[in-house]
Amino acid sequence: MALYPSKRREKEEEDAEMNITSLMDTFTIILVFLIRQFGTSSIEPAEGYRPPIANTRLAVDRILTLQVKEVGRDAVAYVIGTKPSKAERKDARLGYQQLRADLKLEKTLADASVTDETLKGAINIVCDRRLTYSTLLEVMKSAAGAGFYKLKLATQP
Amino acid sequence: MPGLPPSGRKKRGKRPPEREEKLNLIVCMNLICILIPALLSMQIQDFYRHDVELPTRGGGGAPPSSSAPKRPPFNLKLTINPDGSFMIVNAKVLSTADGLLKRGPGLVVPPLGNGEPDLRKLQRVLQKEHSQRLASDPPDAYPDPDQITVSAPGDVDFQRVASTLDCVRFEVPASYGDWTNAKDMFSVISLSPGAVGG
């Protein structure tokens with residue numbers, strides 16, 4: 001003989017729905033995080049640093065970024081990561097010493113912040129498109145002297 | 001201030017207890033479930049890169065092994081000239097029949113009529129060199145199957161170098177405007193100071 005459920009049990013069954021509030025909270029946090037990431041690029045060029053236009057479609061990696069522009073004959077202004085801009089005049093014999101020393105300081109931290117082994121010792125170099133080839137080579141030498149041998153020249157589409 | 005009198009309606013008889021209206025989260029959930037994958041797939045990519053290296057001296061100290069390349073290196077070199085031309089040195093399969101001019105130790109890709117560099121021609125001849133110079137040998141028979149050394153005078157601007165690197169790094173794309181699926185060509189690019197000779 002079938003028994004009718006009591007009113008209390010009926011109410012309990014009615015209320016017994018999946019509680020998705022916590023799931024919603026998680027999803028909302030993920031969504032906010034993604035929206036924040038959506039607008040940011042792996043390279044944030046400072047004012048006056050305009051990379052050259054090129055056709056390459058090799059994606060840039062999230063690694064340490066060095067931005068360089070010429071500010072006079074044999075003088076460059078540079079920004080390492082999010083640090084303030086600095087300027088240096090080239091030493092005829094030693095090249096850009098201060099740049100090399102600053103990059104050396106960043107090397108350990110830069111390597112520690114990347115999990116991909118292939119990106120250890122890699123650096124994005126954002127050079128202004130008007131930079132001369134000789135200055136580009138000097139900057140590359142400074143980076144290599146600081147232990148960054150994998151040089152990635154940033155371009156814009 | 002005295003409180004407002006309760007409405008007459010409330011006074012009238014008993015009203016059934018109001019049931020708590022539940023927020024309909026399902027619609028919101030659906031929206032979020034669509035947005036998350038959409039945002040994940042739409043990562044903005046506004047910067048790209050060219051991988052380069054500085055030339056090394058001596059070619060390293062690796063001991064010779066049975067799998068070491070047996071053939072001498074190609075040592076292919078490209079110089080960007082200030083007049084808009086390019087000089088290719090140590091090319092194996094290129095000749096004046098490809099529309100190149102013989103000058104000094106190498107072959108020259110002349111500039112266009114307006115003095116601008118002929119990047120398309122450069123890319124075409126480099127693709128020919130890259131694809132045909134191995135002949136029937138496997139790539140690992142040579143120490144530098146995908147390597148090229150690029151050099152330029154010190155006052156050439158970086159924009160010209162970057163445009164040249166595009167033509168060195170990738171084959172001519174199927175559709176010239178679409179470089180997304182362009183095949184790799186010289187993937188190991190060394191930037192060297194000064195002009196290169198033989």
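## The sheet of chain B

In this predicted model, chain B holds an open sheet of six strands in the order S4-S5-S3-S2-S6-S7, with mixed pairing. Strands here are DSSP runs of E with at least two residues, helices are runs of H or I with at least four, and both are numbered from the N terminus. Two strands pair if DSSP finds at least two bridges between them. At the edges lie S4 (101–103) and S7 (188–193) of chain B, each of which pairs on one side only. From one strand to the next the twist averages 30°, taken between N-to-C directions on a scale from 0 to 180 degrees, with axes as lines fitted to C-alpha atoms.

Within chain B, strand S2 (residues 77–80) and strand S3 (residues 86–89) are antiparallel and share four bridges. Lys77(B) has Val89(B) of S3(B) opposite.

## Contacts between the chains

Contact joins 42 residues of chain A to 37 residues of chain B, where contact requires C-beta atoms, placed from the backbone, within 7 Å. On the side of chain A that touches chain B, helix H2 (21–39), strand S4 (122–127), helix H4 (133–145) and strand S5 (150–155) each supply at least two residues. H2(A) gives the largest share, eight residues.

## Strand pairing across the chains

S5(A) pairs with strand S1 (residues 48–52) of chain B in the antiparallel sense over five bridges. In this pairing, Ala154(A) has Arg49(B) as its bridge partner.

## Basis of the description

Residues are numbered from 1 along each chain as its sequence is written, while chains are lettered from A and ligands numbered from 1 in the order in which they are written. Because the model is predicted, local features need pLDDT of at least 70 and side-chain atom pairs count only at pLDDT 80 or more, whereas totals for chains, interfaces and linings use all residues.

Notes
Contact = placed C-beta atoms within 7 Å.
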